[in-house]
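This briefing goes with the sequence and model shown below. It covers a sheet and a set of charged contacts.

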Amino acid sequence: MAEVTRRFVSVGVNRVVNALDWGDDGRLAYGGHHMVVVYDPEAAEVESTMVGHSGMVNCVLCIPGSVTSQAGHAARLIASGAADCCVRVWAVEPAGSGRPEPWRCVAVLKGHTAPVTALACYSLSGEGVPHGAFLLISTAGDRSVHVWRCKPRPAAASATYAEGSRGSALDTADAAHGQAAWDLAQRVATGTHIQQAVALTHIPGDPTTLLLATGGTDKAVHLYVRAPGRDSHFELACSLAGHENWVRSLAFCHATIVNSGGRGADSAAASSQLLLASACQDRYARVWSIVAEGGEAVPSAAAPATATAAETTANADAANNAAGASGAPGGAGTGAGTGAYGTTGDGSGADEIARYAPKLIFPVGGGRTLRASLEALLIGHEDWVHSVRWRPAAGAAVVEPGSSVAEAGRAGGGGLHVALPRDQLCLLTSSMDRTMMLWQHEQRSGLWMSQASVGDAGAQCLGYFGACFSPTGARVVAHGFTGAMHLWDSSSDADTNTSAGHRAWVPLHAAGGHFGPVAGCCWAADGRCVLSVGEDQTARVWTRVRAHWCEVARPQVHGHDFTCVASVPKADEDGAASAQYAFISGSEEKMLRAFEAPQVFVDTLDMARCRAPGGGGRQAVSGRAFGAAIPALGLSNKAVFDGGDDGDDGEGASNAGVGSGMAGGHYNDGPDFAPCAAPASSEGPPLEEHLSQNTLWPEVHKLYGHGSDVYCLAV
């Protein structure tokens, strides 16, 4: 009997905000249609596709390893929420385990009556709390927030369960975090508005008192407090108003602040501050400061404090004016900011901003109160801001005052619950304007400034739905409209730094895939390339490059959903079949279109297979197009010929090189061509920016005749 082994899997990321997360074991997890995909960024390959949801996966959360390690197993937990109204918890074997089935669904949490939108988790601590217990928070379209509590079963029960299978990590994880370990601890009603973002941490100085933040369609950020205790519940404490559109993402971070004569945790006068970042569709991100309050009046618990939109907007205008006058370098984006406890202490403009900023004071139990205020309005993006993430405190030895290293590490979250000095904090924002910006606090001015910006310069990308840091903070990854991941790496070498304290970010290859159902696929004429088409209106070519499979061309980007494809061996002048590449595709438009590979694709394959480019770079074979370009309002790929080749005089021949960086031709086709299209070969795996616009194939024929939809092709 023949043995079948899996060699390659390609799955695009779902086009939703919370669909991707980077675990502290170095692996990525994301939603791919109704599956949860585990991806290894170092090997650039999909490790597992976990099937179980019956609807599109909307949110994925990698539960920190510090949570699972307390249960005595090496497996990692991943939580996912989907349009089937369920939250699933998956156990995944450690990387490199080599098991044929390296994952298992250990729990299905049912309770929501609408699609799940966001997830967050945090470890429980304190007297009477079971060892290893933690909370998982889920929000959904049913206008509710569910608080799920996991109490892992004792190690003895896990050992008994796994006795028959030599104690595999999945068996132990199933025994410890299986269905019996979960219960719905609380259901929080959110009124008439859907909550789309959630974040969870502890209050400054007390790991046993938790603070929950939610945001959604009501344009506000709501804070809930949970007092210490096994059966405590979250109570609404206050609402932060000011955003002018839906809140899409929230993220907490702890920072050390100095009251007098010291620096960071090295000073006895150092205390802690909680920062909350929020992203909104009003094109702005905000940073809220939450600190301990003393000696001021506390609002009644029956009437939670709320900052009015007018008050916060007035403060935002003042912040904007101060930022615009600062003139500080480091990027187009600026934001107003304040220092410790709302002031910088140096008489700067940030002090004036903080003096008049609305301050909300709310109780947290035990006679303690916290004060929340707007610290910064981050201005720089030109479209919806979809996500905010703080850079993890990888390997940081600075721990929040009042908590032990063990308590801070036990909270997990990639080091976000370990306090760092403010000058070491970095916030990542992603937007639909095709950029990600990194913001840092400038100590001298007290303002939050944009230190770097990375993103797409192409004309075919509609922006990012989310982004996150690697566990070490040295890399960032984003996912965009085309379903692909965009990966950047920063170098700490002195000769590559752009300036003191700034990092140079370099794009890296990351695997992608169709973000819609695949309608058809076939082998190319040489049997070494796979051609696929999908309902995402793209055709893609896959082959092996440098020991792993990847996408090397996107020959057709259609205006209709594809339905079928077939590879066509092209005959040479003597009538013998050659290995030149050609294919025919069918779609909803009831016609067939034929395409032939250009010279840049042939050169790319030659270099991928360690051969010298057959055409010598831009030197095209006689009669073969160099590349292709598509008019801005058209559906037909027009051939692009090298400047030294007269090309074909037939219909469809053109030269779109003028205005796109290529050598000029005999005439200029005008502004109807995308100005960034520049066909070129690639030595290694192409980046998404190159694939989306520079790897088109010229269309050579149209075949008419069908009066209804075309479903199948054969050659």
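Which side chain meets that of aspartate 24 in a salt bridge? The partner is arginine 76, at 2.4 Å from N to O. The model is predicted, and it holds 18 salt bridges.

- An open, antiparallel sheet is built from four strands in the order β5-β6-β7-β8.
- β5 (57-62) and β8 (103-110) each have a single partner strand, so one side of each lacks a neighbour in the sheet.
- On average, neighbouring strands are turned by 20° against each other, direction ignored.
- β7 (residues 86-92) and β8 are joined by seven bridges, with valine 89 opposite alanine 107 of β8.
- Helix α3 (residues 169-177) packs on the sheet, touching β6 (76-82), β7 and β8, and its direction makes about 15° with that of β8.

**Other salt bridges**
- Arginine 104 pairs with aspartate 171, with the closest N and O atoms 2.9 Å apart.
- This pair links strand β8 to helix α3 across 67 residues; arginine 104 is partly exposed at 26%, while aspartate 171 is buried at 10%.
- Aspartate 489 and arginine 475 form a salt bridge of 3.1 Å, N to O, between strands β31 (residues 485-491) and β30 (residues 475-480).

Notes: Residues numbered from 1 in each chain as written. Predicted model: local features only at pLDDT ≥ 70, side-chain atom pairs only at ≥ 80, totals over all residues. Heavy atoms only, no water. Pairing = 2+ DSSP bridges. Helix = DSSP H or I, 4+ residues; strand = E, 2+ residues; numbered from the N terminus. Axes fitted to C-alpha atoms, helices over the stretch in contact; angles between N-to-C directions. Contact = heavy atoms within 4.5 Å. Salt bridge = Lys/Arg side-chain N within 4 Å of Asp/Glu carboxyl O. Buried < 20%, exposed > 50% of the residue type's maximum accessible area, 1.4 Å probe, protein only.
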